[in-house]
Structure formats: structure tokens, C-alpha cells
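The following paragraphs lead the reader through one protein model. Please keep the sequence and the coordinates at hand while reading.

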Amino acid sequence: MLAAMPPAPSNRPDTDETPVTPVRDRSDACPGALRLHTADDGALARVRIPAGVLSAAQAYVLADAAERLGDGALDITSRGNLQLRGLEAGCGGELARLLDACGLLPAPRHERVRNVVASPLSGLDGRGHPDVQPLVRELDALLCASERAPELSGRFLFALDDGRGDMAEFAADVMLLAEPDGAWVRVDAGDAAVRVRAGDGPRAMLLAADAFLDAAAASATRAWRVRELPAAHALSTADLVGRIASAGIETFPAGALPGADRAGGGERPPAPGAGTGWVYAVAPLGRLTAAQWRLVAATADAHGTGELRVTPWRGVVVAGAGRQQAAALADAGLVTGPDSPWLGVGACTGRPGCAKSLADVRADATALLTAGAGGLPVHWSGCERRCGHPRGDWADVVATGDGHYEVSAPGAPPRTVPLPELAGALAAARTTTPTKTTTKTPTK
């Protein structure tokens with residue numbers, strides 16, 4: 001029988017992001033499904049869903065768990081995982097049993113390291129190159145069988161891109177990028193890269209993670225991410241090629257990265273809507289009620305293939321559904337069209353769930369939803385940590401206390417304004433033309 005671990009002594013927010021830290025003085029305390037995090041609104045559980053893929057039956061179990069044990073809602077994280085909040089004290093064991101019974105805990109020792117994102121429309125919309133979902137399943141099986149994989153931190157990220165470039169923005173620790181003919185893939189780990197046959201891609205990815213663990217141990221920094229390795233211990237292409245070749249996998253020079261570069265670019269996230277054989281719906285602020293989640297599951301069950309794909313852009317793809325189902329999801333409050341003001345609006349948990357937050361940012365974001373709509377993405381933060389912020393350029397709205405917010409955007413100086421003046425300041429920030437692409441790093 002599975003038993004839940006005690007709550008982790010951390011202040012992790014509702015995000016999978018981590019700042020760059022040269023030296024770690026503690027082990028990673030990222031929450032999971034078995035190691036819960038204690039927040040002001042109760043315990044929090046993060047359920048890893050590799051590539052966001054789950055069945056309608058599993059989705060029903062999660063809806064029931066959210067309603068029976070938590071606050072009645074599910075949050076989608078920036079890596080396409082799912083969180084339950086407001087969990088009652090002592091319910092960890094029951095939650096673990098529910099997840100195990102429906103197949104969401106295939107390897108309890110490994111559950112926090114099953115961090116895998118993948119092109120969510122791969123194999124559905126006729127774009128990209130090969131369908132990477134079979135490679136995702138193989139990678140997850142290898143992870144769950146690996147004796148060494150549990151040494152990875154809960155922040156280490158694998159990404160599989162079917163060639164369209166939509167995974168480039170995540171700067172994953174190990175990324176697989178499919179090439180046009182579908183027979184070859186490029187595997188990257190930091191600045192190291194190698195080309196292998198597609199069938200060898202998952203094994204090469206796990207071997208790259210092993211190489212990282214060796215480098216992290218040699219550096220004595222307790223690095224959690226590839227980008228945290230000091231220069232003297234950074235992975236080189238020679239390191240990567242040697243590790244993969246030693247396992248009997250034939251390697252080839254990677255050459256130029258086709259389609260997109262790792263630092264950014266590539267295809268934009270999919271727009272909400274319906275295609276031939278799929279519907280993509282976005283959850284406002286990444287949060288669905290249990291009733292909305294059951295509707296999504298029922299849609300997949302009755303009108304689709306029975307499969308859901310949760311996306312890192314806080315939405316869910318229903319494979320096999322169509323336009324009629326998209327309309328029903330829209331009626332239930334989900335975004336299924338490209339013109340909604342909810343698109344591009346994000347927020348951390350804020351009050352009352354987070355003790356560090358200085359404002360109820362979700363309520364304020366909802367009240368000022370249309371301010372500057374259609375401009376830069378905007379992220380509302382309850383404190384300077386900016387948990388869950390987007391990548392690239394965005395309008396930054398940070399609570400400073402006493403009903404004030406600091407508003408800034410790339411190329412524009414920050415302004416601290418009271419709530420009654422916030423709509424105008426936000427609209428101005430969102431319509432700012434960035435002078436250059438920047439990425440803000442949250443502080444911890």
C-alpha cells in the first residue's frame with residue numbers, strides 16, 4: 001500500500017519554474033503527488049502527467065479527488081502537470097491510493113522526475129514530422145525503470161518536439177527535436193547536441209540525463225538543472241556522444257538545428273479552437289472546476305478517442321472531438337477561440353492560498369481582464385518572486401502591498417500605482433513596443 005510522504009518544508013508556488021542558482025545548499029523540495037506542500041489554503045499535490053496525456057477515466061478520478069479531498073478545482077501548471085489544492089490534512093494516503101489505482105503512479109520512487117513536455121498536437125493536426133507520443137511513452141517507461149533517475153531533481157525537464165519548434169521556449173534540460181524525414185532526431189543537453197535514429201531517441205535522452213548527474217556530482221554544486229552547471233563542468237558534445245555511443249547507440253554529428261533554435265523562436269503555442277479530429281480549450285488562469293474537468297473527460301469519452309492532452313499553456317486538447325464539442329466547452333467557461341481576453345493573462349495563486357502574496361491577484365486580474373487586451377501578455381504576481389511567469393516579453397504586474405502594484409514592461413520604466421489607476425497603467429504597459437527580447441528571472 002502506498003503511503004504519502006509528509007509535507008515538504010518549502011514555499012514552492014504553483015509553478016514548475018526555478019531560478020538559476022550556481023550552488024545548491026539543500027535538496028530539491030519540489031512538491032509531488034506523494035510529497036505534499038503545505039500552503040495557506042491547505043496541502044498541495046502536484047501530479048506529473050508526462051506530455052500531459054491521460055485517459056478520460058483518469059481525468060474522472062482527478063475530478064473526484066479534487067472535489068472529495070481538495071477545494072473542488074484543478075490547476076494546470078506551466079509544464080502541463082496538474083495540481084490539487086486545499087487538500088485536507090491527512091488525506092495524502094487516500095490520494096496516493098486513488099492515483100495508484102488509476103495508473104497515475106506507475107513508479108512511486110520516480111513520480112517527481114516524470115517531467116516531460118511534448119508537442120501537444122503531435123500526430124493530430126498533420127503538422128510536425130513524426131508523432132512523438134510513442135517516444136514519450138518509451139521515455140517514461142525508461143525513466144520509471146531507471147535506478148538512477150530518482151536522483152534527478154523535481155525541476156529537471158525533458159521535452160520532445162515533433163519538428164514544429166513549439167517546445168523551444170521551454171529551454172528543457174534534455175530536448176529531442178525530430179527532423180523532417182522522421183527517421184532522425186537531434187538530442188540536446190545544454191550546449192551539447194548529437195543526432196541519433198528516432199528509435200534510439202528516448203534511450204539517448206535518458207543517457208544525457210545520466211551524463212548530467214555525473215557532471216553535477218563532479219561539480220559539487222548540487223545543480224538541479226543543466227544550465228546550473230558551472231562552465232568547468234558543462235556538458236560538451238564529446239561528453240554526450242561518448243555517453244550515448246558507449247551504450248551501443250550509433251551517433252552522428254548534429255549539424256545546424258532545423259526549424260527552431262533552443263533559445264527561443266519556433267512555432268507559437270496552438271490557438272484555442274477545433275481542427276479535424278481535435279479540440280483545444282484553454283482554462284482561464286489555468287484553473288478548472290471539478291465540473292468543468294468532468295465535462296472535458298465526458299467529451300473525450302463520448303465524442304473523442306478517450307484521450308486528453310494537458311498543455312504547458314494551461315489548456316487541454318481533446319483528441320477526436322470537433323466543433324460541436326468546442327462550443328459546449330465554451331458554454332462551460334473554457335476558451336475555445338482565438339479572440340478571448342483571457343489569452344495572454346496569467347497569475348500566481350495569490351491570496352488567500354499563498355502566505356507570501358500581498359494581494360488577491362486572481363480577483364484583480366479578473367476585474368481588469370480587458371485592460372490592454374490583445375497586447376503583450378500580462379502576468380500578475382502577489383510578490384516579487386513572480387511565480388509562474390511566462391517566457392519572453394510580458395507586462396509585469398507585481399503587488400507591493402497596501403493596494404498598490406508595480407507595473408512594468410520591456411522598454412518602459414516601472415510605475416507603482418494604486419488599484420484605481422491600475423487599468424490605465426496596465427493598458428499602457430501591454431501596448432509598449434519592446435526594445436529587445438528579455439526574460440525576467442524570478443527571485444526566491
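The protein averages a pLDDT of 90, and 90% of its residues score at least 70; pLDDT is the predictor's confidence in each residue, from 0 to 100. This is a predicted model, in which local features need pLDDT of at least 70 and side-chain atom pairs count only at pLDDT 80 or more, while totals for chains, interfaces and linings use all residues. Residues are numbered from 1 along each chain as its sequence is written, and side-chain values use heavy atoms, with hydrogens and water left out.

Two stretches call for caution. Over residues 257–264 pLDDT stays under 50, and the model has 18 contacts for them beyond four places in sequence; contact means heavy atoms within 4.5 Å. Residues 437–444 also stay under 50, with 22 such contacts. Where pLDDT is low, the predicted coordinates should not be read in detail.

The secondary structure comes to nine helices and 21 strands, taken as DSSP runs (helices H or I, at least four residues; strands E, at least two) and numbered from the N terminus. Of the 444 residues, 57% count as buried, where buried means under 20% relative accessible area, exposed over 50% and partly exposed in between (1.4 Å probe, protein chains only). Among contacts between residues at least 6 apart in sequence, 67% join residues at least 24 apart.

In soluble globular proteins, nonpolar side chains tend to be buried together. Here the largest nonpolar core has 45 residues, and those with the most contacts inside it are Leu 54, Leu 62, Leu 87, Trp 293 and Leu 308. Such a core is a set of buried Ala, Val, Leu, Ile, Met, Phe, Trp, Tyr and Cys residues joined through side-chain atoms within 4.5 Å. Helix H1 (residues 56–69) gives the most to this core, with seven residues. A second, separate core of 42 residues includes Leu 143, Ala 149, Val 226 and Leu 240. Beyond its neighbours within four places in sequence, Leu 54 is in contact with residues including Leu 62, Leu 82, Trp 293 and Leu 308.

Which of its residues are buried? They are Gln 325, Ala 326 and Leu 329. These residues cover an arc of only 105° around the axis, which puts them on the same side of H7; the arc is that of the directions from the helix axis to the C-beta atoms. An α-helix has 3.6 residues a turn, so residues three or four places apart point the same way. The buried residues of H7 pack against strand E12 (273–275), strand E13 (278–282) and helix H6 (290–303), whereas the face turned away from the buried side carries the exposed residues Arg 323, Gln 324 and Asp 331.

Just after H7, Gly 333 takes a positive phi of about 105°. Thr 336 then lies in the loop between H7 and strand E17 (345–347) and is buried, with a relative accessible area of 17%. A polar atom of the Thr 336 side chain lies 3.4 Å from the backbone oxygen of Ala 326. Leaving aside neighbours within four places in sequence, the contacts of Thr 336 include Tyr 280, Ala 326 and Leu 329.

Some backbone details remain. A cis peptide bond, with omega about 0°, joins Arg 351 and Pro 352, and Pro 352 is in the loop between E17 and helix H8 (361–367). Arg 314, although not a glycine, has a positive phi of about 60°; Arg 314 is found between strand E15 (307–311) and strand E16 (315–319) and is buried, at 18% relative accessible area.

Key. Polar contact = N/O pair within 3.5 Å; in protein donor to acceptor, adjacent residues only side chain to side chain.
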